[in-house]
Amino acid sequence: MAELRVTKVEQGQTKIRSVPIAVTPEGFWCCPSPVAFQKTLKAHNSLHKPKSSSPPPPPPPKTTAHRKQTILNEKKPTFGPSRSISDGQRALGPEAPDAPVLGASMAAERVPRPKVENLPRKVAIEFGEPGTSDMKVILLGKQGFCVKLSVHKNVLVENSNFFADKLAEQQSNSSCLEIEECEDVEIYVETVGLMYCKEMRQRLMKQSVSRVLRILKIAEVLGFNSCMQSCLEYLEAVPWVGDEEEEKVVSSVLRLQNEGIGVSPVLKRVSSDISKAPKDTLSHIIGLVLGSNEERGRREMKSVVLKLLRENNSVSSSSNPSDVCNQTLYDSCRNCSSLLLSLFKQAAEPESPEKSVDNKDPLVKQIALASDNLSWLLDILADRQAADEFAVMWAGQQELAALHMKLPIVSRYHVSIITARLFVGIGKGELLPSKDTRQLLLQTWLQPLINDYNWLQHGCRSFDRKVVEEGIGRTILTLPLEDQQSIMLSWLGSFLKSGDSCPNLQKAFEVWWRRTFVRPYVDGQQGNSLQSDSSMTS
């Protein structure tokens, strides 16, 4: 059974004070944190703070002091956490001359004394059976206090390479060892206490991950191998909450790995020995999402995968280059476009049930699903700034565009959403296809988009008319002026016939107008002025 012993210190100016320390029968001690020491110091400072304006308080009656002393003596055998400063100081009895005494001596004491904060704060702890220790270990902390441990040489030598080497260097009759500049006295005491525990893993189960990491660090310094192994087993089994905690665990474990300590069970949580390429895993995940028929699950997982791929874009990794991910995405795009073309061919057959214009028809749902998958893949590629090849692929879908007019609008309008997304991306600079690709894209898909425009405005919740119209206009204005003219005149005829059922490209029309009818005159004026300037200089 362990016992807490606070003994008299030889130096007269040293203060021994009681602090909360948890005790177990196996000798496991939980030393208080530095905050507890600071609270103890503040309480002692307030007790001895001098008062210049008011006279010293009168001494209390002796009967009261005697009654309090009797109560303290009755509570002394209890091994609960001690939270009172005066209790521990009174327990010293007559052997502690510096301890505050409630009585006339306190009031009469007027001799100048050193400041309390300048006095060393000392805690004495004894491990194992009372009175059997044969060695003292003094921990000198950086926080201004020290802890004296009464321990057993054989326990330290058996469990710690550090203590075994230190004791081998000293004389055989040496019974005291000082450790200076101790960074974490609290955990140091707890780690020494673990040397007296039979079931170390059970002791660690009640600790937090951050505290076990601190114990692991001290165990590494002490060469306490069994404690290190128990800490690693704990870290391998306990959940890590949050990215910050995971990074702390991985960094601590990697440090041990560099020193030749087996930590592979812990690292297997964040690294894999499987030789399967990341491309195969990503392709499998995307295939599962694209092949799902459950609307809610598919929608939520599309949002999650898109978010995670965006995070990957911000972290450059040589082991998982972006071209591997892009290649996987484009493989999926080609599969979806081939499936979409096949579905359009089935829907365009004369005896197809699609002629019934039934929204619940399986073929209509398959077309909507394939189109939605292509739109999702386009969003991912646009975020990764790799959608130029998608524009090339979509501009070359002349057969799909030809079948577009043969299908009812309720089945085909999903395809026009893909076209609108491409125009918006080009207008925002998210993708930069070549001039020929932009021109072919407008020639192939602008008219089908105009045909479905009225339905998109009223039947598609996510359709933003102003954004789409701005994207179409900006895409047209990137072409040579002659191509702009042909497209704008064709649009003007459609807009005058359909009105609101056609995209409103008036802003782009005004820009084209100024380029055609105003800029040539300005350029001619500038050319004439340049010629006149050259003639004058000659």
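Helix axes are taken here as lines fitted to C-alpha atoms over the stretch in contact, with angles running from 0 to 180 degrees between N-to-C directions, and helices are DSSP runs (H or I, at least four residues) numbered from the N terminus. The structure is a predicted model, in which local features need pLDDT of at least 70 and side-chain atom pairs count only at pLDDT 80 or more, whereas totals for chains, interfaces and linings use all residues. Residues are numbered from 1 along each chain as its sequence is written, and side-chain values use heavy atoms, with hydrogens and water left out.

Helix H19 (residues 409-428) packs against helix H22 (residues 465-477) at an angle of about 65 degrees, the axes lying 7 Å apart. The contact (heavy atoms within 4.5 Å) involves Ala420, Phe423, Val424, Ile426, Gly427 and Lys428 of H19, together with Val467, Val468, Gly471, Ile472, Arg474 and Thr475 of H22.

Helix H7 (residues 185-194) is largely enclosed by the rest of the structure, because 10 of its 10 residues are buried, that is, under 20% relative accessible area with a 1.4 Å probe and protein chains only.

The structure holds 0 disulfides, a disulfide being a pair of cysteine sulfur atoms within 2.5 Å. Cys197 is buried, at 9% relative accessibility, and its sulfur is 9.6 Å from the closest cysteine sulfur, in Cys227, which is too far for a bond.

Terms used:
Helix = DSSP H or I, 4+ residues; strand = E, 2+ residues; numbered from the N terminus. Buried < 20%, exposed > 50% of the residue type's maximum accessible area, 1.4 Å probe, protein only.
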